[in-house]
Amino acid sequence: MTAGRRLARERVLGLLYEAEAKGVSPAGDRIDQLIAQTTLGWELGRLARVDLAILRLAVAELLEVPEVPVAVVIDEAVELAKRFSTEHSGRFVNGVLASMVDEVRPGLPPRPGEPADERATGPSGGGPG
């Protein structure tokens, strides 16, 4: 992936995080609905703000930028989570996104090595961040 696209993701992540911190949600209702139904039992308000911003960014990219492969979107989101959030966030973000691939981009296989029917329930050892 190009450095320009990676930098753009980081900037968008910063803007999404700032908006969430200020109580302004720029995410679409569909994006939040997808995240909520996939995180099973975790209200969006309980998710770490950085994790929620990363998920919103990745889901928007999955929905709106079909030329970017699913694996690239997930890998980039996981890298953002590892870099900017908790030690468990990479696994959590990976699980959530891999679980919603069928809903967001029907007909595509999940990321290699990820079971298609496994639902994200948060990282081991507690909450999502």
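Visitor: Why does Glu 79 count as partly exposed?

Guide: Its relative accessibility is 42%. Buried means under 20% relative accessible area, exposed over 50%, and partly exposed in between (1.4 Å probe, protein chains only). So Glu 79 counts as partly exposed. This is a predicted model: local features need pLDDT of at least 70, side-chain atom pairs count only at pLDDT 80 or more, and totals for chains, interfaces and linings use all residues. Residues are numbered from 1 along each chain as its sequence is written, and side-chain values use heavy atoms, with hydrogens and water left out.

Visitor: What makes Lys 82 and Glu 79 a salt bridge?

Guide: The closest N and O atoms are 3.8 Å apart. A salt bridge needs a side-chain nitrogen of Lys or Arg within 4 Å of a carboxyl oxygen of Asp or Glu, so the pair qualifies. Both residues lie in helix H4, 3 residues apart, about one turn of the helix. Helices are DSSP runs (H or I, at least four residues), numbered from the N terminus.

Visitor: Why is Lys 82 called exposed?

Guide: Its relative accessible area is 54%, so Lys 82 is exposed.

Visitor: What makes Arg 5 and Glu 61 a salt bridge?

Guide: Their side chains meet at 3.9 Å, N to O. Arg 5 lies in helix H1 and Glu 61 in helix H3, so the pair ties together parts 56 residues apart in sequence.

Visitor: Is Glu 61 buried or exposed?

Guide: Glu 61 has a relative accessible area of 9%, so it is buried.

Visitor: What do Arg 83 and Glu 10 tie together?

Guide: Their side chains meet in a salt bridge at 2.5 Å, N to O. Arg 83 lies in helix H4 and Glu 10 in helix H1, so parts 73 residues apart in sequence are tied together.

Technical notes:
Helices (H or I, at least four residues) and strands (E, at least two) are DSSP runs, numbered from the N terminus.
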